[in-house]
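User: Hi, I have a new model open and I'd like a quick tour. Can you walk me through it?

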Amino acid sequence: MITVNTREQAYQAGMTVRDLLDRNQFTFRHIIVRVNGEYVPEEQYDKAPVRDGDDVLVLHLMAGG
Amino acid sequence: MRQILKEYTYTPATIQRGYSGKSLYLNVSDLRMEEKVVTEFMKEKFIGGKGFDLWYLWQAVTPETRWDSPENEIVMSVGPLGGITQYSGTGKTLVCAISPMTGIPIDSNAGGYFGPLLKFSGWDALELQGKTEKELVIFIDGNKGLIQFCDAEGLPEDSHLLAEELTRNYAESEEDQVNVSVVSSGSAARNILYGMLNFSFYDPRRKVVRFKQAARGGLGTIMLDKGIKALVVRYKGIKGNTNNPADVATLNRIGVKYHKEMHDLDEKQNGMRKIGTANTILVMNQYDLLPTRNFQTGGDPAAVNISPKVFIEQYLTQGIHDGCWYGCTMSCAKTADHFRLLTGPYAGACVTVDGPEYECVAGLGSNLGIFDPRAILEENFYCDTYGVDLISFATTVAFIMECYQRGQISREQMGGLDLAFGNSDAVLELLHQMARGEGFGPIAGLGIRRLKKLFAEQFGSDPALLQDIGMENKGLEYSEYCHKESLAQQGGFALTNKGPQHDEAWLIFMDMVNNQIPTFEDKAYALYYYPMFRTWFGLCGLCKLPWNDIVPADNYKTETPAKVPEHVQNYVDIFNAVTGKSIDKEELILQSERVYQFQRVFNIRMGKGLREHDYAPYRSLGPVSSEEYLSRQELYDRQLREKQGLDPAAMSLDEKIATTRAYREQQFELLMDAVYKRRGWTENGVPKPEHLREIGMDLPMLLEVIEPHL
């Protein structure tokens, strides 16, 4: 299992940050990703691994019009 | 030139540290003009902008005042930071009055040049009181120190023609048109209750008059009811230091830093310079937040037809600076130029359409089941020139369409209009009926609260269903987000001072997606901090968008990225640099809270502002109909299991809907309790005297109002 924004989700072997974003349909561009507290730059989403037990935060930065 | 009925001269005050120190009172009943002194008390407790508006409005009205009472005032003020040119979004005028929609103070803000030009003409605020049969144009010349009440006879009705003619008339040359700003409404505002105000600015690149709107709450209806056809201000001589700031070097430094961020990051972040706030249409659709068919669902596959790409590639002029005040590099006030109208009195004309903004595309588009960008732009144009608040219009029409869909009203009862979801021809005809004062137009112009009563009493509609699906709170229509899966945003709309407008708090991502505020206390904190922080923009004459629609590249490193701490510090520094004061970010919140609590007590003074007035329609909280439940059955069934420990497989659909409703309504009650506590209010929503004392707002006039409610 992993947690995404404090909610539990199933872990999938070999998954990357990009896979996680796709699975959750997190399509908003203006986000901050942290895996176990470590910031992941956007250019690393395709390669950055998500491992079983990881705590992932995907903060959507939008506070309205 | 127009016939002058009365003329006054004055000596324009010099602006010092953001304030002229004077305000202008005009009474149209007897064409009277008075100068008032802006006191240190006002600056300390109310700052400016909406604060000054509410302060003057309180003096002008009584608890018996109604929107069309002569003593009701329209008050405008730009605030101490208004008109600086070093930072983005610094030309906002705040407008307040007792609203025809709600019976309590409405506050609405607009870009355009009027507010800054008014201040540079020597006036920190403008009060308009009285009523006249003979319609007027009021002209203020800030260079000559001249105020004229003029006959409005023979002028066009609709804003795009009216403002163009007045701009040309009052400018001293073609080049001088940039120094003129007009406030006007349009023909529909005479026949509906949610008429709005257009604030103009002349665009020398396109050579057209353009508009931003103080749209909410019926301000245009009030202005025309007073007999004021238009306000015109002219001031020539704007410079970077016209506010005479205490520390212009700091202003320049912060401005340069911000403009660099805008230049480097906008394209990577929100693309405000290409399409403005409508950049979020597909985002809202993908996250189930785009209101569709009266907020029944949060998206539709057809939304791709009204995507930013479509507007950018087919309609919106690109590559031109589009700020609605000098110095704004966010430049989000986009236009569709050379747009040929197909309907109405101006069919065949090529016009410039200001917009569309997000609220327009969502409101006049998806929420009406319309996914035709051309139709949306035509609706956008006519709402603007007719003086119609497009949010109230859109949400009201969405309600009518659902009533029709569910057999609560008939086509005959709508005067033959086929207001079915998706029928843009019928929507445009309804707008034209509003402008002509004919048919179903004026009825739809009453707004949802009055329509619920009318439909039930005259058409035999089911009042309980109308209550559930009529998206209004306090009498004001909701703005355009499908927010039923965010408890915090349910409060962000309903637990507001003026009614459900998103300018107090937009917490949906923080709550629903990021899960950053899971507890009631967390949500209550967010519903304290964000409304207070965002109120401050309205005190100072600022636009909210530059705060967080672009953020510093290293914002991710901060502990509270949602607050955008560096930009908060920018605002603290700018305020100090203009006014010479020395506030910090905590004092900034206190400045706002004093005015926020004042407005809450003002509502109580007007017979509202209590817990009973804060309840939301159930459509805001959860699925009303079986179709809504079934559209997200997996989610709702999971919530029954996880949040209530129930087995949805053992329940009928009706039972599931009823159980979900009982749970969600209870959650909303608990949210109200937590928010009231955090805001220092009693369980009935009344600010406590000790809390007012703590924040330095225990004014006897406020204590007198709340005392009977304690």
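User: In what order do the elements of chain A run from the N terminus?
Analyst: From the N terminus, chain A goes β-β-α-β-β-β. Helices (H or I, at least four residues) and strands (E, at least two) are DSSP runs, numbered from the N terminus. The model is predicted: local features need pLDDT of at least 70, side-chain atom pairs count only at pLDDT 80 or more, and totals for chains, interfaces and linings use all residues. Residues are numbered from 1 along each chain as its sequence is written, and chains are lettered from A and ligands numbered from 1 in the order in which they are written.

User: What share of chain A is buried?
Analyst: Buried residues are 29% of its 65 residues. Buried means 20 or more other C-beta atoms within 10 Å of a residue's own; exposed means 12 or fewer, and partly exposed is in between, with C-beta atoms placed from the backbone.

User: Where is A:Asn36?
Analyst: A:Asn36 sits in the loop between strand 3 (31–35) and strand 4 (38–40) of chain A. Its phi is positive, about 50 degrees, although A:Asn36 is not a glycine.

User: Is A:Asn36 buried or exposed, and why?
Analyst: A:Asn36 counts as exposed because it has 11 C-beta neighbours inside 10 Å.

User: And B:Phe295, buried or exposed?
Analyst: B:Phe295 is buried, with 26 other C-beta atoms within 10 Å. B:Phe295 also has a positive phi, near 60 degrees, and is not a glycine. Its loop lies between helix 8 (281–286) and helix 9 (308–314) of chain B.

User: Which residues does a cis peptide bond join?
Analyst: B:Gly355 and B:Pro356, with omega about 10 degrees. B:Pro356 is in the loop between strand 15 (350–354) and helix 10 (358–365) of chain B.

User: Switching to strands. How many residues of strand 10 of chain B are buried?
Analyst: 5 of its 5 residues, 180–184, are buried. Both faces are covered: B:Val180, B:Val182 and B:Ser184 on one side, B:Ser181 and B:Val183 on the other.

User: Which strand pairs with strand 10 of chain B over 5 bridges?
Analyst: Strand 13 (residues 228–234) of chain B, in the antiparallel sense. Two strands pair if DSSP finds at least two bridges between them. B:Ser181 stands opposite B:Val233 there. Strand 10 of chain B also pairs with strand 11 (residues 197–203) of chain B, antiparallel, over 2 bridges. In strand 11, B:Phe199 is the bridge partner of B:Val183.

User: What about the core: which residues touch the most other members?
Analyst: In the largest nonpolar core, of 235 residues, they are B:Leu219, B:Val232, B:Val388, B:Val397, B:Leu430 and B:Leu431. A nonpolar core is a set of buried Ala, Val, Leu, Ile, Met, Phe, Trp, Tyr and Cys residues joined through C-beta atoms within 7 Å.

User: What does B:Val397 touch?
Analyst: Not counting residues up to four places away in sequence, B:Val397 touches B:Leu368, B:Leu419, B:Val427, B:Leu430 and B:Ala444. Contact means C-beta atoms, placed from the backbone, within 7 Å.

User: Last one. How many residues does the contact take from chain A and from chain B?
Analyst: It takes 17 residues from chain A and 18 residues from chain B.

Technical notes
Two residues are in contact if their C-beta atoms, placed from the backbone, lie within 7 Å.
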